[in-house]
Amino acid sequence: MAGTRSSKQTVRNMLQSLAVIGIAAAVIYVFIPHDESADPVQTVDYKVELTIARRAAPYPVAAPVGLPDQDKWRATSKWYDGAKNNAWHLGFLDPENQYVAIEQSTAPSDKFVAEVSKSATKTDKSQQIAGATWTFWDGPKYDALVRQDQGSTTVVTGTAPYEQLVTMAGALESKKTPPPTPTG
């Protein structure tokens, strides 16, 4: 008999605890302001990472300069990884909230492009953009523009239409910054 009474008391205590937690959660939800209309995408400043990448990478690192409607393009992600084939990544949302990324690496080209473009495949189409030859790649999720440089591959990829990828590719400025010289 004592075992039955004890288990009933345990279940009762558990249900009371759940009720108290539920009431507390409801009060917090109601009284803490939250804005459902706020844009969940956080923009990032990439200047520091760009400077680091341009000093560390063995190739000229690309970033956009003078995009049309510059204030409507939002940088959303950035990183440089020297241990991962000197990979540079800079992600944006375009004015229509479509994703566009700049990817660069010293990794083997075809494998790198397939990875960053989410399995896009090379086409026979190419185009001169800002004095460089870019090859079009079509993919199930992302399309891509690919430029081969000496020792590195540059990819402009994303969900945005080709016109936006071309716009980004045309705005890219590639630079290599020498490391600072020690003073003293």
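The legends below describe close-up views of a predicted model. Residues are numbered from 1 along each chain as its sequence is written, and side-chain values use heavy atoms, with hydrogens and water left out. Because the model is predicted, local features need pLDDT of at least 70 and side-chain atom pairs count only at pLDDT 80 or more, while totals for chains, interfaces and linings use all residues.

**View 1. The pairing of E5 with E6.** Strand E6 (residues 132-138) runs antiparallel to E5, and six bridges join the two. One of the residues to look for is Thr121, whose bridge partner in E6 is Asp138.

**View 2. The hairpin of E2 and E3.** Seven bridges join these antiparallel strands, and Trp79 stands opposite His89 in E3. Five residues lie between the two strands, and in this turn Asn85 has a positive phi of about 55°. At 39% relative accessibility Asn85 counts as partly exposed, a class that lies between buried (under 20% relative accessible area) and exposed (over 50%), computed with a 1.4 Å probe on protein chains only.

**View 3. Asn97 in the loop between E3 and E4.** Asn97 has a phi near 65°, a positive value in a residue other than glycine. With a relative accessibility of 48%, Asn97 is classed as partly exposed.

View 4. Ser109, Phe112, Val113 and Val116 are the buried residues of H3. Seen down the axis of H3, these buried residues fall within an arc of 95°, so they line one face of the helix; the arc is that of the directions from the helix axis to the C-beta atoms. They pack against E4, E6, E7 and E8, contact meaning heavy atoms within 4.5 Å. On the other side of H3, Asp110 and Lys111 are exposed, and just after the helix Lys118 takes a positive phi of about 60°.

**View 5. The largest pocket and its lining.** This pocket holds about 250 Å³ of space, and of its 18 lining residues Trp79, Lys84, Phe112, Glu115 and Val116 lie nearest its centre. Strand E3 (87-93), E4 and H3 are the elements that give two or more residues to the lining. On a 1 Å grid over the protein atoms alone, a pocket is an open set of points where a 1.4 Å probe fits, with protein on both sides within 12 Å along at least five of seven lines, and lining residues have an atom within 4 Å of a point. Grid points are joined across faces, edges and corners, and the volume is the space filled by probe spheres set on the points.

Key
Pairing = 2+ DSSP bridges. Helix = DSSP H or I, 4+ residues; strand = E, 2+ residues; numbered from the N terminus.
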